[in-house]
Amino acid sequence: MYCVKVAEVNKMCRDVVEIVFDRDLRGYPGQFVMLNVFGYEEIPLSLSSPKSLTVKGVGKTTKALLNSKKGDVFGVRGPFGRPFSLPSVDEKVYLVAGGIGIAPLNYLYQTLKDEFEVIAIHGIRCKDEIMYDYPEIATDDGSAGFKGNAVELFLRIADFEEKMRVYSCGPKPMLLNLYKAMKKRNLLDCLEISLENYMKCGIGICGSCVTECGKRVCKDGPVFKGIDIIF
Amino acid sequence: MLEVVISDLKLENPVILASGILGSKWSSLAKVAEFSGAIVAKSVGLNSREGYKNPVVLNQECSIVNAVGLASPGAKEFSKELEKLFKVTNKPLIVSLFAQSSEEFSSLPNYFPFASAFELNLSCPHAEKLGMAIGVDEKAVKDCIKAVKEVTDKPVFAKLTPNVTDITKIGIAAEKGGADAVVAVNTFKAISIDVVSRKPVLSNVKGGLSGKAIKPLALRCVWDLYEVLDIPIIGCGGISNWKDVVEFILAGAIAVQVGSAFYESYRAVEGIVKGLNDYLSYTGEKIEELVGLAHGGV
């Protein structure tokens, strides 16, 4: 474990903050760190850029993180896990994010946007949950962008005739829908999904995050290729 | 060449998955079972235990400190999970048990009729009244093993703690209690402190040390036990390659357990078994012929 200092905290929307550290954490898009919030718990969080984490206040520890400020110090283990793979030069890139699942995909977007054609889609409940200005927005209530979910919007705008690579992160029902849609089109080898699970060690030994097919989310993932997942 | 027999348990190779590693779910146990001689599930007690809050594991140079706190869903639930294993593997499953007393220990084997053997956790260094709390007391060790032997015909192993003045005394107590083998050793008492927050890193403050750093310490325990025991010894502590296994066998172990090495690779056991196979093909020996050889002439 080593310690990092907070350089700035950006409020992204009501209960989401981007915590930027004073140094690069030297990870790749899709990797996560075990963040030790002193006095609270140690939790896994995806990198949302080389030096930031984007956190939604859900539990006790993540809610405490909403109040973090410049100068705060956190313990870090990692970055850990398998990152997203890079697309081929002739592939069109789609990012399909649901809610706070945008965090790892933002890092991927920033990495790819200058060299690839990237279409980012962010599904949220309503316009108050908009976090970044670049993605196409899908809202459940239609208060901004497309009315519907991220997968519906993706299916509407995706060009399945062209070579593509689809990266996704978000709630399980959304991932399942996307998985089914890609499977139906025989395109599972173009899909990469970042999964979440309860984690303890983060380094592949305790077994807390093992899936039904025996894969460790922390070490064999969190990014899995569509063909390697059995939902 | 690699086959070993411990009590009446036949293993196709001597490399066993250690308890507490990838052992909570049938799916990961099944995966590790593919190349292992046997697998030990995560320790289970009568009732569910939540374990400690994160952070519970700290990886550092050459070692890992942990205090997971014997998190367990309890015997009834865990039995359902482990049962699923038998659809996919026929490797021996050793069920690791923890309890506060000999009575509680003897209530546990019935939940696991499918187990090939039981391992008594007399050595977890970070749970109050459990594990090591019993394992440092010769009489308690003897009583607990005796109690479990009375309710099962399966082999019963005692996993020993190195955190005692003389591990051979505990080993002898286990043998007297009727243990079919001892497993030596569990983690060493340890702690880690963060210099920035100036606080212990683990939520439980104190934990146990495993990984490469403890290998010579564990090896010495096996060496000492071999000189006093008649029952087989299963070596455990910091094993990460085939040479480590050969060292433990030469020191007197008949088999070994591997745990922290899974930090390096999910396929840790596969690599070790392949290495052992190559080594013995080269020397033309059976692994059983090597047990305790380093003691000769000393």
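## Asn36(A) and its surroundings

Setting aside neighbours within four places in sequence, Asn36(A) makes contact (heavy atoms within 4.5 Å) with Met1(A), Glu41(A), Glu42(A), Phe74(A) and Gly75(A), and also with Pro55(B) and Val201(B). The residue belongs to strand β3 of chain A, which covers residues 32-36; helices (H or I, at least four residues) and strands (E, at least two) are DSSP runs, numbered from the N terminus. Asn36(A) counts as buried because its relative accessibility is 4%. Buried denotes under 20% relative accessible area, exposed over 50%, and partly exposed in between, with a 1.4 Å probe and protein chains only.

## Basis of the model

This is a predicted model, in which local features need pLDDT of at least 70 and side-chain atom pairs count only at pLDDT 80 or more, while totals for chains, interfaces and linings use all residues. Residues are numbered from 1 along each chain as its sequence is written, chains are lettered from A and ligands numbered from 1 in the order in which they are written, and side-chain values use heavy atoms, with hydrogens and water left out.

## The seven-stranded sheet of chain A

In chain A, seven strands make up an open sheet with mixed pairing, in the order β10-β9-β8-β7-β11-β12-β13. The edges are held by β10 (146-147) and β13 (223-225) of chain A; each has a single partner strand, so one side of each lacks a neighbour in the sheet. Two strands pair if DSSP finds at least two bridges between them.

Strand β7 (residues 92-98) of chain A runs parallel to its partner β11 (residues 164-169) of chain A, and six bridges link the two. Across this pairing, Tyr94(A) stands opposite Val166(A) in β11(A). Helix α2 (residues 102-112) of chain A packs on the sheet and touches β7, β8 (118-124) and β11 of chain A, with its direction at about 155° to that of β7(A). Axes are lines fitted to C-alpha atoms, for helices over the stretch in contact, and angles run from 0 to 180 degrees between N-to-C directions.

## Backbone features in loops

The peptide bond from Gly221(A) to Pro222(A) is cis, with omega near 10°; Pro222(A) sits in the loop between β12 (191-194) and β13 of chain A. In chain B, Ala184(B) and Val185(B) are joined by a cis peptide bond with omega about 10°, and Val185(B) lies in the loop between β10 (181-184) and β11 (188-191).

Leu22(B), although not a glycine, has a positive phi of about 50°. Leu22(B) is placed in the loop between β3 (15-17) and α1 (26-33) of chain B and, at 0% relative accessibility, counts as buried.
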